[in-house]
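Thank you for making the time this morning.

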Amino acid sequence: MISDWEALFHSVKAKPYAKELNRFLDEEYAKGVVYPPRDLVFQAFRLTNPKDLKVVIIGQDPYHNPGQAMGLSFSVPKGIEIPPSLINIYKEIESDLGVKMNFANGDLTPWAKQGVLLLNAYLTVKQYVALSHKRPEYESFIADVMEYLDHLDQPMVFLLWGGFAKHYASFVHHPKHIILSAVHPSPLSANRGGWFGNRNFSKANQYLQENGVAPIDWRIK
């Protein structure tokens, strides 16, 4: 579905930062181990059509251990041990919606296919080195993405978890778009309060339904 995002990527391609970012990534993938695999860097866009977009979840950067990163924020391939943040996300979904989550499956592709854009601000990372690709080029890209998203004329929910994600609230202005926020679901933050009981998932679905949009089935089986 990358072609569905043609307007966004066409405008980005013409900007100086795009050429510099592509050059940087060519070098990084050539000289070392970078996650996710190069063909999955834009997987979030590939799986979610902007016309069908309902929810945006912003992460910081991909998981940096082998086998985890798959181009979707917070998601890991089925069969990979679920990271602590995703465990807490599942626990909150169970509590909020009264459903049963499969803690052996961290693949959030079903969300993406329903219209949940699982976007990391920094799309790549060196193996074992968190935030190693925190670069101004990615910051320019995510700003362009956010501006594009806010021009989409449909009801949309932005789930902004933690201080980093909340920074992007300044890009959300469309009257049909709302922000639901909470602390980050990582154990360090969640266990201090502000994650469990936030009910972001039921609130997101309530907003969508009130505006004539089918809710997200948050269950992972």
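Predicted model: local features only at pLDDT ≥ 70, side-chain atom pairs only at ≥ 80, totals over all residues.

Residues are numbered from 1 along each chain as its sequence is written, and side-chain values use heavy atoms, with hydrogens and water left out.

Let me begin with the pockets. On a 1 Å grid over the protein atoms alone, a pocket is an open set of points where a 1.4 Å probe fits, with protein on both sides within 12 Å along at least five of seven lines, and its lining residues have an atom within 4 Å of a point. The largest pocket holds about 610 Å³ of space, a volume being the space filled by probe spheres set on the points, which are joined across faces, edges and corners. Of the 32 residues that line the largest pocket, Gln60, Asp61, Tyr63, Ser85 and His184 lie nearest its centre. Two or more lining residues come from each of β2 (55-59), α4 (84-97) and α7 (162-166), where helices are DSSP runs of H or I with at least four residues and strands are runs of E with at least two, numbered from the N terminus.

The second largest pocket has a volume of about 400 Å³, and among its 18 lining residues Phe9, Val12, Ala18, Asn22 and Phe42 are the closest to its centre. Here the elements that give two or more residues are α1 (6-13), α2 (16-31) and α6 (136-150), and α2 gives the most, with 6 residues.

Those helices bring me to packing. The axes of α2 and α6, which are lines fitted to C-alpha atoms over the stretch in contact, with angles running from 0 to 180 degrees between N-to-C directions, come within 9 Å and cross at roughly 130 degrees. Which residues of α2 make the contact? They are Tyr17, Glu20, Leu21 and Leu25, and they meet Glu137, Tyr138, Ser140, Phe141 and Asp144 of α6, contact meaning heavy atoms within 4.5 Å.

Finally, α1 and α6 pack at about 145 degrees, with their axes 11 Å apart. From α1 the contact takes Ala7, Leu8, Phe9 and Val12, and from α6 it takes Phe141, Asp144, Val145 and Tyr148.
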